[in-house]
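Hello,

After it you will find my notes on what turned up.

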Amino acid sequence: MDVVALVPAAGRGTRLGAGVPKALVPVLGESLLLRAVRGLLHSGSVHHVVVAAPAEQRGRMECELAELGDRVQVVPGGDERTDSVRAALDAAERFVPTAEVVLVHDAARAFTPAEVIRAVVAEVVAGARAVVPVLPVADTVKRVDADGTVLSTVDRSALRTVQTPQAFTPEVLREAYACSQDVATDDAGLVERAGHPVRTVPGHSHSLKITTSFDLAVAETVLAPAHDSESEVCAESGPQSA
Ligand SMILES: Nc1ccn([C@@H]2O[C@H](COP(=O)(O)OP(=O)(O)OP(=O)(O)O)[C@@H](O)[C@H]2O)c(=O)n1
Ligand SMILES: C[C@](O)(CO)[C@H](O)COP(=O)(O)O
């Protein structure tokens, strides 16, 4: 099965406020972008990666990823995440027309464990057309009005927070993007609007989206050390396969 991952990395990182695009922010000496793309390829389930970069940072991101070889392409992204994914999807059709599974994975989720990547791919290989990793909601959730007064307490038992990588058949993702010019907060949202069922697999706390300076501190002290020691063990025991 030929698997391509699209990596939107064209965001500004406004909430992090690092002064450079978030994907280029280093954690223990390596950028979020390099960590995210290498994690996909080293999972053993992903064969090609198309990165959507800020247009003016395309060359810099190509240099950042050069060590990973020609299985990685970098294209200009867009103003919204959805625009960046659309640009990467168009490019993937040219670079990897043979792909049978397409993942979409935030560069900001640079510490996603390999087992999550392998799980979403396996679910599509097993017949699902769209798959997302999810976690249960740990806090009580309330609906509030514009003044901040509580309207109701939501039943959280059926609620899940959603991560990436999200996995699709190429046909379903293309159809979802062709059907809609809307901005969606995730890709599965467009697939849902196109009327297709979306399956879930367990997500992971280490797949945290690095959004704020607190998240970056968690990455430096917890996620990167754990990920780096796990990678050393995997390197010693050889590559994994899908
Ligand atoms: N126009 C955009 C906006 C976001 N992204 C990417 O989408 C992922 C998830 O977005 P988020 O974490 O919200 O990143 P930013 O948009 O950079 O964050 P902020 O809203 O704080 O600026 C990131 O890898 C980001 O680079 C993208 O490719 N193109
Ligand atoms: C796609 C996503 O990571 C799923 O949780 C998330 O919605 C992206 O967040 P953003 O702040 O809307 O870019």
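The largest pocket has a volume of about 700 Å³. Its lining is made up of 31 residues, and those closest to the centre are Gly11, Arg15, Lys22, Arg81 and Lys209. Please keep in mind as you read that this is a predicted model.

Which helix gives the largest share of the lining of the largest pocket? That is helix α3, which spans residues 81-95 and supplies 3 residues. Sorted by class, the lining has 11 polar residues, along with 10 nonpolar and 10 charged ones.

Now to what the pocket holds: ligand 2 sits in the largest pocket. Around ligand 2 you will find Arg15, Arg81, Asp106, Arg109, Val162, Thr164, Thr185, Asp186 and Lys209. By class, this shell has 6 charged residues, 2 polar residues and 1 nonpolar residue.

- Val162: one of its backbone N or O atoms is 2.6 Å from an oxygen atom of ligand 2.
- Thr185: a polar backbone atom lies 2.7 Å from an oxygen atom of ligand 2.
- Arg109: here an N or O atom of the side chain is 2.8 Å from an oxygen atom of ligand 2.

How much of the accessible area of ligand 2 does the protein cover? On its own, ligand 2 has 360 Å² of accessible area, and the protein covers 73% of that.

Happy exploring, and do write back with any questions.

Best wishes

Notes: Residues numbered from 1 in each chain as written. Chains lettered and ligands numbered in written order. Predicted model: local features only at pLDDT ≥ 70, side-chain atom pairs only at ≥ 80, totals over all residues. Heavy atoms only, no water. 1 Å grid on protein atoms, 1.4 Å probe; cavity = no way out; pocket = protein on both sides within 12 Å on 5 of 7 lines; lining within 4 Å. Points joined across faces, edges and corners; volume = space filled by probe spheres on them. Helix = DSSP H or I, 4+ residues; strand = E, 2+ residues; numbered from the N terminus. Nonpolar A, V, L, I, M, F, W, Y, C, P; charged D, E, K, R; others polar. Near = heavy atom within 4 Å. Polar contact = N/O pair within 3.5 Å; in protein donor to acceptor, adjacent residues only side chain to side chain. Areas by Shrake-Rupley, 256 points an atom, 1.4 Å probe, with all protein chains shown as cover. Sits in = over half its atoms within 2 Å of the grid points.
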